[in-house]
Amino acid sequence: MPSFFLLVDCNNFYVSCERVFNPSLEGKPVMVLSNNDGCVVARSNEVKALGIPMGAPVFKYRSLIERHGIQVFSSNYTLYGDMSRRVMAVLSRFAPDMEIYSIDEAFLSFRSGDLRKLEHLARRIRRTVWKWTGIPVSIGIGQTKTLAKVANRVAKSSPEYGGVFALGDTSGVDACLKPLPVGKVWGIGRRHEKTLRCHGIYTAYQLKTAPDSWIRRHLSVTGLRTAWELRGISCIPLEEVPSPKKGIACSRTFERWVEAREELREAVSLYTTRAAEKLRGSRLLAACVQVYLTTSPYQEGPRYANALTCHLPVPTDYTPSLIAAACRGLDRIFKPGYRYKKAGILLMGLTRAGRRQASLFYHQSREDLARQGRLMRAVDGINARYGRETLRFASSGIVREWQSRPSHRSPRYTTCWSELPRVR
C-alpha cells in the first residue's frame with residue numbers, strides 16, 4: 001500500500017496570529033516586522049498585492065504604508081510560538097507519524113491507497129485547525145515530501161481548490177511540474193539553480209526527466225534524491241525526532257547607534273545569556289563561542305564588520321564561562337570610532353550534556369561542575385516561574401538604552417496574565 005505525505009502549512013502565520021485576537025484586521029493589509037522594526041518578516045495577501053517584498057527595509061516603504069493604511073506590528077514571538085504549539089497539538093491528533101518542520105509547517109504521513117479519502121481527511125484537518133485555533137492552513141498531498149511541497153504551493157495559490165490539493169497520477173504531477181521554476185523546488189538552492197540554468201534546465205519537470213548520471217555529477221547525491229522525489233520515489237523520510245542542533249545564535253539590531261565598548265559588552269552578555277538558556281533547555285554543551293558586530297549597511301560614513309571565534313577549554317553550558325569568552329572575543333574585534341548597529345553571538349561545537357569531553361590541560365573537579373549545574377538550574381527555575389530576567393547577570397546591564405523596544409507589539413494574549421484578552 002503506497003504512503004502519502006500531507007504538508008500542513010499555516011497561511012501567513014504571523015499575520016494570522018495577529019488576526020486571531022483582532023478580527024478587525026481581516027481583509028486589511030497587515031505586515032509584521034523584524035526585531036527593532038527594521039524589516040518585513042510577514043505579509044498578508046493584501047500587502048503582497050501591493051508589491052512589498054519579504055525582507056524589505058521598512059523605511060523604503062513608509063509612504064506606501066501610510067497611503068494604503070497598512071497595519072504594522074512588531075514581532076511577538078512569544079505569541080507566535082504558543083500558537084504554533086497549539087496548531088501542532090491539533091495536528092498530532094490526526095496522525096501518529098508527524099514531523100514538525102518549522103514554526104508553521106508540519107508533515108503528516110499516512111499509509112493509504114485511497115487518495116480521495118485522504119483529501120476528505122485533509123479538509124477535516126483544515127476545518128478543525130481553523131475551529132480550534134483560528135489559524136488558516138493549506139494542505140498539499142503527495143507520495144513524497146517534495147511533491148507534497150509542490151502540491152502545497154498549488155493549494156495556497158489557487159483558491160478554487162479550497163486550501164487542499166493532491167498530486168496523485170503521473171499526468172497530474174507532470175502538469176504541475178512543467179510550469180514550476182526549478183529554483184522553487186524544495187531542496188534546490190541558489191547555487192544549484194544557477195548550475196541547472198546554465199545547462200538548460202529551467203523547470204521542475206526538466207529536472208525530473210534529466211539523466212541520473214548527469215544529476216549526480218552536477219548536483220551530488222542530494223540533488224539526485226530531489227529528482228527521485230519528483231518522480232514519486234520517497235527518499236526523504238519523516239524526522240519524528242528533531243535533528244541535533246549545530247549552533248545556537250542570538251543577535252539583535254540596536255535601538256540606536258552604539259559606539260561605547262561598555263554598551264556592546266552589555267549586549268553581548270545579554271545575548272550569550274539567552275543562548276545559554278536555550279543550550280541548557282536542549283541539554284547541550286558548547287565548545288566555542290563566536291561573537292560578531294557590524295555597522296549598518298545603509299549608513300553613511302565608515303563601515304566595519306568583524307567576527308571572532310573563541311574556543312573553550314572544555315564544552316560547557318555555564319553562562320558565566322560563556323559570557324567571559326564572548327566578551328574576550330568582543331574586546332579583540334572592537335574598534336573605536338565606529339557607530340555599531342548590530343551584534344550577536346553563536347554557540348558552536350555542540351555536544352550532548354552527558355558526553356562532556358575532558359581536557360588534558362584543563363582540570364575541573366566534579367564538585368565544581370555539580371555546583372555550576374545547581375546554580376544554573378536554580379537561575380533557570382526562578383526565571384521560568386517568576387518571569388524572564390527575574391535574576392540577571394550584572395554584565396548584561398541594567399538600563400540598556402541600546403536595547404530595541406518594539407513600538408508596535410501586540411499583547412501576549414495566551415502566555416501573560418496581565419495581557420489576556422478582555423471581553424466587553
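Q: To begin, are K149 and E105 buried or exposed?
A: This is a predicted model. In it, both K149 and E105 are buried.

Q: What do the side chains of K149 and E105 form?
A: They meet in a salt bridge, with a distance of 2.8 Å from N to O. K149 belongs to helix α6, residues 145–157, and E105 to strand β6, so the pair ties together parts that lie 44 residues apart in sequence.

Q: How many salt bridges does the count come to?
A: The count comes to 20 salt bridges.

Q: Which residue forms a salt bridge with R256?
A: The partner of R256 is E401, and their closest N and O atoms are 3.8 Å apart. This pair links distant parts of the chain: R256 is in strand β9 (residues 248–258), E401 is in the segment after α13 (366–386), and 145 residues separate them.

Q: What about D380: which residue is its salt-bridge partner?
A: D380 forms a salt bridge with R280, the closest N and O atoms being 2.7 Å apart. Because D380 lies in helix α13 and R280 in helix α11 (residues 261–281), the pair ties together parts that are 100 residues apart in sequence.

Q: Is R280 buried or exposed?
A: R280 counts as buried, at 14% relative accessibility. D380, on the other hand, is partly exposed, with a relative accessible area of 23%.

Q: Which residues do salt bridges with shared partners join into one network?
A: That network consists of R19, E26 and E46.

Q: Since R19 has come up, which residues of α1 are buried?
A: The buried residues of α1 are F13, Y14, V15, S16, C17, E18 and R19. Helix α1 spans residues 13–20 and is mostly covered, with 7 of its 8 residues buried.

Q: What do those buried residues pack against?
A: They pack against β1, β2 (30–33), β3 (40–43), α2 (45–49), β4 (71–74) and α4.

Q: Let us turn to the sheet. In what order do its 5 strands run?
A: The order is β5-β6-β1-β7-β8; the sheet is open and its pairing is mixed. The edge strands, each of which pairs on one side only, are β5 (98–102) and β8 (164–166). On average, neighbouring strands are turned by 20° against each other, direction ignored.

Q: In what sense do β1 and β7 pair?
A: Strand β1 (residues 3–10) and strand β7 (residues 137–142) pair in the antiparallel sense, over 6 bridges. Within this pairing, F5 of the chain stands opposite G142 in β7.

Q: Which helix packs on the sheet?
A: Helix α5, residues 115–133, packs on the sheet and touches β1, β6 (105–111), β7 and β8. The direction of α5 makes about 160° with that of β7.

Q: How do α4 and α5 pack?
A: Helix α4 (residues 77–91) packs with α5 at an angle of about 140°, and their axes are 10 Å apart. That makes α4 oblique to α5. The crossing is right-handed. The contact is made by M83, R86, V87, V90 and L91 of α4, together with I125, T128, V129, W132 and T133 of α5.

Q: And at what angle do the axes of α11 and α12 cross?
A: The axes of α11 and helix α12 (residues 319–333) cross at roughly 140° and come within 9 Å. That makes α11 oblique to α12, and their crossing is right-handed. Among the contacting residues are R280 and L279 of α11, and L322 and I323 of α12.

Q: One last topic: where does R303 lie?
A: R303 lies in the loop between β10 (284–295) and β11 (305–316). Not counting residues up to four places away in sequence, R303 touches T295, S296, P297, Y298 and Y338. The C-alpha atoms of R303 and R339 are separated by 8.2 Å, although the two residues are 36 residues apart along the chain.

How values were computed
Residues numbered from 1 in each chain as written. Predicted model: local features only at pLDDT ≥ 70, side-chain atom pairs only at ≥ 80, totals over all residues. Heavy atoms only, no water. Pairing = 2+ DSSP bridges. Helix = DSSP H or I, 4+ residues; strand = E, 2+ residues; numbered from the N terminus. Axes fitted to C-alpha atoms, helices over the stretch in contact; angles between N-to-C directions. Contact = heavy atoms within 4.5 Å. Salt bridge = Lys/Arg side-chain N within 4 Å of Asp/Glu carboxyl O. Buried < 20%, exposed > 50% of the residue type's maximum accessible area, 1.4 Å probe, protein only. Parallel < 35°, antiparallel > 145°, perpendicular 65-115°, else oblique. Left-handed = near helix turned anticlockwise from the far one by under 90°.
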